[in-house]
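Work through the exercises below with the sequence and the 3D view open. Try each task before reading its solution.

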Amino acid sequence: MTRRPGLSVRFKLTLSYAGFLMIAGILLLAAVWVFLLRYVPDRAMLINPDDRLRGVFPVRSALLDVFAPRAAAVLAFLLVFGLAGGWILAGRMLAPLTRITDATGMVAKGALSHRIRLPGRRDEFRELADAFDTMVVRLEDHVAEQRRFAANASHELRTPLAVSQALLDVARKDPGQDLREVIDRLHAVNARAIDLTEALLVLSRADQRTFARETVDLSLLAEEAIETLLPLAEKRGAGIETSGGIAPAFGSPALLLQLTTNLVHNAIVHNLASGGTVWVSTEVDSGSGVLTVENRGGKLSARSVSTLTEPFQRATERVRNDHAGVGLGLAIVRRITEVHDGSLTITARAEGGLRVVVRLPLPPTHPPKDADR
């Protein structure tokens, strides 16, 4: 945005300081005139020789002739002093703002690692500088996450394409190879690429927040997700137990169904090899609709759990089967929760496995559970 050049803030402050100083000087001189000179007689007076006063008593006109030039000199001095002092004071006052402006310019050019770190006690400028530093820290983290995500996504997308290319090259060079096997492997690779692309689209849609919100019941979404994934659970020998009741939330039914499905799918896949169990519960607690998904599995460290919501991160080695996922399940869950103004808590169970708790705001017209009592 282009603007026409104008007066600097420092120059405006200087004029303001000098102007106030001049007004104060004029008011002081006016007070001297009003409360002192007005009581001086304007004509000559006869003085009794016996009085303590000696000499000729001055008249108002004589004092005014002496007072006016001195007053003009004082005002001229105040003007020069106000301009010079105001310029210095304004420079000292605006020095932090200059640092903030320079830092903004550096960040605008891409130096996201630059910080102001303005020293001194808290005031308006220090609060602005601290807020700016906090904003840049978050921006740097977001940009780093986006770059890491783009790099990981490119790698993950390149893998199925490279595998497809290799399969096609082998089939072309070896006409006698069983095409049925090649087609099956191409189908599996293509299915994984489609799943990854759809996951990326879900993340993009969630980031844009281009969705309508309405009242949904998390318990119904959980039932739908469980019904969809029940064949997978039976194939892997995992049981699913449900509990709780109605848990209303306010958001996108499609995105919240994706969130629920991802959690149940993740709990089924990353479970015990046999005899695994998935617990799904819904409730209303402290003014939020709560969805909890737990599973059995290997014991996880707190450090590995903290990275599970990052894209393409897994707590264990990738499982080579058709249901291993693309490494975006919990990343999608986290992002959908964030755009719905909710909270996501992931903790490792002492017996092994994970406990994931999603809290989502209640619909505007739905009273909290505590209010019903």
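## Exercise 1: The largest cavity

Task: find which residues line the largest cavity.

Solution. Leu-263, Asn-266, Ala-267, Val-293, Glu-294, Asn-295, Leu-354 and Val-356 form the lining. Now place them on elements. H6, strand E5 (288–295) and strand E7 (354–361) each give two or more residues to this lining. Helices (H or I, at least four residues) and strands (E, at least two) are DSSP runs, numbered from the N terminus.

A cavity is a set of points on a 1 Å grid over the protein atoms alone where a 1.4 Å probe fits but cannot get out; lining residues have an atom within 4 Å of a point. The largest cavity has a volume of about 50 Å³. Volume here is the space filled by probe spheres set on the points, with grid points joined across faces, edges and corners. The count is 1 cavity of 30 Å³ or more.

Last step: sort the lining by type. It holds 5 nonpolar, 2 polar and 1 charged residues. Nonpolar covers Ala, Val, Leu, Ile, Met, Phe, Trp, Tyr, Cys and Pro; charged covers Asp, Glu, Lys and Arg; the others, Gly among them, are polar.

The model is predicted: local features need pLDDT of at least 70, side-chain atom pairs count only at pLDDT 80 or more, and totals for chains, interfaces and linings use all residues. Residues are numbered from 1 along each chain as its sequence is written, and side-chain values use heavy atoms, with hydrogens and water left out.

## Exercise 2: Helix H6

Task: decide why H6 counts as largely enclosed by the rest of the structure.

Solution. Start with the extent. H6 spans residues 253–269, 17 residues in total. From first C-alpha to last it reaches 24 Å, close to the 24 Å expected at 1.5 Å a residue. That expected span is 1.5 Å times one less than the number of residues.

Next, check burial (buried: under 20% relative accessible area, 1.4 Å probe, protein chains only). The buried residues of H6 include Leu-263, Asn-266 and Ala-267, and these three also line the largest cavity. In H6, 12 of the 17 residues are buried, so the helix is largely enclosed by the rest of the structure.

## Exercise 3: Leu-167

Task: say where Leu-167 lies and which residues it is in contact with beyond its neighbours within four places in sequence.

Solution. Leu-167 sits in helix H3 (residues 124–173). Its relative accessible area is 9%, so Leu-167 is buried. Beyond those neighbours, Leu-167 is in contact (heavy atoms within 4.5 Å) with Val-182, Arg-185 and Leu-186. Leu-186 is 19 residues from Leu-167 along the chain, and their C-alpha atoms are 7.3 Å apart.

Conventions: Buried < 20%, exposed > 50% of the residue type's maximum accessible area, 1.4 Å probe, protein only. 1 Å grid on protein atoms, 1.4 Å probe; cavity = no way out; pocket = protein on both sides within 12 Å on 5 of 7 lines; lining within 4 Å.
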